[in-house]
Amino acid sequence: MREPFYLVDFDGVVCDSRAECMVTGYAAYRELKGEPFEPAFTVDDVPADAAEAFIRFRYLARTAREFMVIWDLIEAGSAIDPDLPLDRQWEIDAARIMRYHELFYATRYRWMERDERSWVAIHALFPGMKEWLVARLAEGRAHLVSSKDSRSILTILRNNGVELPDDLVSGNEGGDKPGHFRRLIEEHPGRELYFIDDNLENLEMAAAQGIAGCLCTWGYTWEGGIEAAKRQGFPTLGLDGLAQLA
Ligand SMILES: [Mg+2]
C-alpha cells in the first residue's frame with residue numbers, strides 16, 4: 001500500500017484552542033455590541049456559565065466568525081441544539097458577522113502582540129500529536145489545512161518547538177478548505193491524500209473531491225457527530241489509535 005500524504009486540520013486535531021477562541025471571541029463580541037470592555041485576556045474574562053456553554057458547543061462553529069452566533073444564542077438564553085447547524089438556529093446578518101470576523105482577528109492579534117507568551121500558553125497540543133506531526137513532516141508526508149490563520153498556527157507550533165516552512169500551512173488567508181484541496185490534489189499527483197479532521201461536514205466535502213479521511217474523536221466533536229460519521233462509513237479514530245496513521 002502506498003504511504004498516504006496527510007492533510008491535517010489544526011484546531012481540534014493538533015491543538016486545543018477552545019479557551020483562546022472563547023477569550024478572544026468574547027472580547028470581540030462585547031466590542032461588536034458597543035460595550036466598554038477591556039479584556040485581561042484570561043479565561044476569567046468570560047462569565048462562568050457562558051464559558052461553559054461556549055466550550056460545550058464550540059464544535060458547531062467551523063470558522064471564527066460563527067462564534068458570534070454561539071454568543072448570540074447564549075446571550076438570548078436560547079437552548080442550543082447540539083445536532084443542528086448554527087445557521088438553522090439563528091438568523092445571521094451578513095454584514096454583522098463580517099464585522100465580527102474583523103473584530104475577532106483584530107482582538108487576537110492585539111493579544112498576540114501585547115503578550116505572545118500568554119497567548120501561546122492558553123493553547124494545548126493534544127497528547128502525542130506533536131510527535132506524530134513532527135515525524136510525518138520529517139518524512140515529507142504532512143500538510144496543514146485549516147480555517148484558522150496561518151500566522152497563528154505557525155506561532156503556536158514554533159513556540160512548541162515545531163519549525164515548519166509556511167508553505168506547509170494552508171490557512172484561511174489563502175482561501176477555504178475546498179479551494180486548498182483542489183490545489184493540493186494538483187500539487188501532489190499520484191499521491192494518496194488522506195484527510196484528518198474533527199468535523200464531519202469537512203470530511204464530506206473532502207470525499208466529494210475524492211479525498212478519503214477519518215474523524216478524530218479527540219477533537220471538537222460530540223456523540224451525535226461520531227455516530228453520524230460511522231453511519232456514513234467514515235473511519236473514526238481516537239488518540240490511542242494514532243499509531244495507525246503511520
Ligand atoms: Mg477542526
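Predicted model: local features only at pLDDT ≥ 70, side-chain atom pairs only at ≥ 80, totals over all residues.
Visitor: In which sense do strand 7 and strand 8 pair, and over how many bridges?

Guide: In general, the strands of a sheet pair through backbone hydrogen bonds, either parallel or antiparallel. Here strand 7, which covers residues 212–216, pairs with strand 8 in the parallel sense over two bridges, and L215 stands opposite T236 in strand 8.

Visitor: What is the order of the strands in the open sheet?

Guide: The six strands of this open sheet run in the order 5-4-1-6-7-8, with parallel pairing. Strand 5 and strand 8 (236–237) are the edge strands, each of them pairing on one side only.

Visitor: Turning to the helices, which residues of helix 7 are buried?

Guide: In helix 7, which spans residues 150–159, the buried residues are S152, I153, I156 and L157. Seen down the axis of helix 7, these buried residues fall within an arc of 125°, so they line one face of the helix. Among the elements that cover them are strand 2 (15–16), helix 4 (94–114) and helix 5 (116–121), as well as strand 4 (142–145) and strand 5 (169–170). After helix 7 comes G161, whose phi is positive, near 85°.

Visitor: How is the protein chain divided into domains?

Guide: The domain assignment gives domain 1, made of 4–16 + 124–244, and domain 2, made of 18–121. Taken over C-alpha atoms, the centres of domain 1 and domain 2 are separated by 23 Å.

Visitor: How many residues of domain 1 are in contact with domain 2, and which element gives the most to that side?

Guide: On the side of domain 1, 14 residues are in contact with eleven residues of domain 2. Helix 7 and helix 10 (223–231) are the elements that give two or more residues to this side of domain 1, and helix 7 gives the most, with four residues. By class, this side of domain 1 has three nonpolar, eight polar and three charged residues.

Visitor: Which residues touch the most other members in the largest nonpolar core?

Guide: That core has 27 residues, and V23, F67 and I70 touch the most other members. Helix 1 (18–32), helix 2 (48–57), helix 3 (67–76) and helix 4 are the elements that give two or more residues to this core. Apart from it lies another core, of 26 residues, including Y6, V13, L144 and C216.

Definitions and conventions: Residues numbered from 1 in each chain as written. Buried ≥ 20, exposed ≤ 12 C-beta atoms within 10 Å, placed from the backbone. Arc of directions from axis to C-beta. Contact = placed C-beta atoms within 7 Å. Core = buried A, V, L, I, M, F, W, Y, C linked by C-beta atoms within 7 Å. Domains from an automatic or database assignment. Nonpolar A, V, L, I, M, F, W, Y, C, P; charged D, E, K, R; others polar. Pairing = 2+ DSSP bridges.
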